[in-house]
Amino acid sequence: MNSRKVKREELGQFGLALLAQIEPRDNSINRWKVWLMNYQFNDECADDDYGWLTCALALKSVNFGNFGVGSVLVDHSVSVVAWGHNEVFNPYFRSDRHAEMVVVDKFEDAYQNVTKLEGYTLYTSLESCPMCLARLITSRINKIVHVAEDTTGGMVHKLENLPAIWMELADSQIFSKANCSLELVKASIQIFLINAEELNEMLKNR
């Protein structure tokens with residue numbers, strides 16, 4: 001058995017354990033929990049396992065009353081070294097606690113001696129917003145990969161609109177769409193939409 005297959009099996013077990021912790025608050029969350037638990041990785045899609053894991057974390061986020069976005073950071077040996085999900089509303093309001101920010105915070109706190117992130121990849125279930133994109137550029141993580149595009153709030157597809165200094169800093173990084181199944185891309189979007197409208201209204205009314 002090759003090492004990548006072993007890693008994929010380990011990721012599957014880790015993700016199933018995360019999903020098992022979810023006690024669904026409503027039927028839509030329960031449906032996606034069942035769907036994710038029954039999902040079979042697509043061997044033709046190199047990022048399917050990591051993409052699936054971000055979706056599992058996104059669903060956990062929704063169940064806590066946060067925006068449905070999950071993220072994982074993988075090192076050069078394809079091991080997950082940090083993971084998390086959006087925490088803007090729960091456990092208490094924090095405007096900066098987007099999934100990517102949570103993961104980078106965890107990594108930088110836990111691995112203070114790691115200063116070179118060549119070979120590291122951050123996966124996120126949804127294309128990063130302007131705030132997260134600036135943080136990821138500053139972090140110097142080598143590669144940033146999103147499962148689903150966010151044409152209304154995402155910034156990666158508008159990278160060329162950043163100020164010149166940010167464009168220069170980002171020049172050595174790779175920003176791309178994940179090589180995932182179409183089913184996972186759709187799942188990522190639908191999980192995000194479960195409560196996005198409600199939470200956006202809450203932000204507007206603060």
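The model is a predicted one, in which local features need pLDDT of at least 70, side-chain atom pairs count only at pLDDT 80 or more, and totals for chains, interfaces and linings use all residues. Residues are numbered from 1 along each chain as its sequence is written, and side-chain values use heavy atoms, leaving out hydrogens and water. Helices (H or I, at least four residues) and strands (E, at least two) are DSSP runs, numbered from the N terminus.

Helix α4 spans residues 99–110, and its 12 residues reach 17 Å from first C-alpha to last, close to the 16 Å expected at 1.5 Å a residue (1.5 Å times one less than the number of residues). Its buried positions are Ala99, Glu100, Met101, Val102, Val103, Val104 and Phe107. In α5, the buried residues are Cys132, Leu133, Arg135, Leu136, Ile137 and Ser139, and they pack against α4, β3, β4, α6 (164–170) and β5. Just after α5 comes Arg140, with a positive phi of about 70°.

We turn next to α7. In this helix (residues 182–193), Leu184, Val185, Ala187, Ser188, Ile191 and Phe192 are buried. Seen down the axis of α7, these buried residues fall within an arc of 160°, so they line one face of the helix; the arc is that of the directions from the helix axis to the C-beta atoms. Their packing partners are α2 (27–38), α3 (48–63), β3 (121–126), β4 (143–148), β5 (174–177) and α8 (196–204).

Helix α3 packs with α7 at an angle of about 15°, with the axes 10 Å apart. Axes here are lines fitted to C-alpha atoms, for helices over the stretch in contact, and angles run from 0 to 180 degrees between N-to-C directions. The two helices, α3 and α7, are therefore roughly parallel (under 35 degrees).

Helices α2 and α3 pack at about 160°, their axes 11 Å apart, which makes α2 roughly antiparallel to α3 (over 145 degrees). The contact joins Ile29, Trp32, Lys33 and Leu36 of α2 to Trp52, Cys55, Ala56, Leu59, Val62 and Asn63 of α3.

Definitions and conventions. Buried means under 20% relative accessible area, exposed over 50%, partly exposed in between (1.4 Å probe, protein chains only). Contact means heavy atoms within 4.5 Å. Angles under 35 degrees count as roughly parallel, over 145 as roughly antiparallel, 65 to 115 as roughly perpendicular and the rest as oblique.
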